[in-house]
Amino acid sequence: MSISHILLIAIVALVLFGPKKLPELGRALGKTIREFKSTANDLMSGLNDSEPQPQPQPQRKDVTPSGTNPSGSQQAATGGTSQQERPAADSRRLPD
C-alpha cells in the first residue's frame, strides 16, 4: 500500500466515525491485537512445553583396538593410539 492509499483510508474513517470516535476505535483495535498476540504466544509456548524433550545420547567409546607401540609415553599422551596407527577408513566403529 502506498501513502496515498493509507491517507485515503484515514480520511474515509474520519468522515465515517468523526473525530471523537476515531481515537476510541484505535484503542480498541490496539487492545484486540495485543490480546490476540498474547494468546497466540501462550498457545505456542504451551505446545512447546507439551512436546517431549530429546534425551541426550551418551557419548560412545572408541572401540578400535590400540596398536602396540614400544614407547609407552606416546600411548599415554595420545590416549593409547596415534593418528598413524589408525586405518584411513575406520569401519570398526559403531554406526551413528
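## Confidence

What pLDDT does the protein average, and how many of the residues, in percent, score at least 70? The average is 75, and 65% of the residues reach a score of at least 70. Over residues 72-77 the pLDDT is below 50, and this stretch has six contacts in the model beyond near neighbours in sequence. Where pLDDT is low, the predicted coordinates should not be read in detail. The model as a whole is predicted.

## Fold and surface

The protein has two helices and zero strands. Helix H1 covers residues 3-50, and helix H2 covers 72-78, with a loop between H1 and H2. The pLDDT below 50 over residues 72-77 therefore concerns the helix H2 range, 72-78, and there the caution on low pLDDT applies.

Of the 96 residues of the protein, 6% count as buried. The accessible surface comes to about 9,000 Å². Carbon and sulfur atoms account for 61% of that surface.

## Nonpolar patch

Leu8, Val12, Leu16, Phe17 and Leu25 make a nonpolar surface patch of about 480 Å². One of these residues, valine 12, lies in helix H1. Valine 12 has a relative accessibility of 43%, so it counts as partly exposed; the cut-off for joining a patch is over 30% relative accessible area.

## Salt bridge

The count of salt bridges comes to one. The side chains of glutamate 24 and lysine 21 form a salt bridge, with an N to O distance of 3.8 Å. Glutamate 24 and lysine 21 are three residues apart in helix H1, which means that about one helical turn separates them.

Both partners are partly exposed: glutamate 24 has a relative accessible area of 42%, and lysine 21 has one of 43%.

## Loop residue aspartate 62

Aspartate 62 lies in the loop between H1 and helix H2. Is aspartate 62 buried or partly exposed? With a relative accessible area of 34%, aspartate 62 is partly exposed, because that class lies between the limits of 20% and 50%.

Aspartate 62 and arginine 92 are 30 residues apart along the chain. In the model, 9.2 Å separates the C-alpha atoms of aspartate 62 and arginine 92.

Notes: Residues numbered from 1 in each chain as written. Predicted model: local features only at pLDDT ≥ 70, side-chain atom pairs only at ≥ 80, totals over all residues. Heavy atoms only, no water. Patch = residues over 30% accessible without salt bridge, like charges linked within 9 Å, V, L, I, M, F, W, Y side chains within 5 Å. Areas by Shrake-Rupley, 256 points an atom, 1.4 Å probe, with all protein chains shown as cover. Salt bridge = Lys/Arg side-chain N within 4 Å of Asp/Glu carboxyl O. Helix = DSSP H or I, 4+ residues; strand = E, 2+ residues; numbered from the N terminus. Buried < 20%, exposed > 50% of the residue type's maximum accessible area, 1.4 Å probe, protein only. pLDDT = per-residue confidence, 0-100. Contact = heavy atoms within 4.5 Å.
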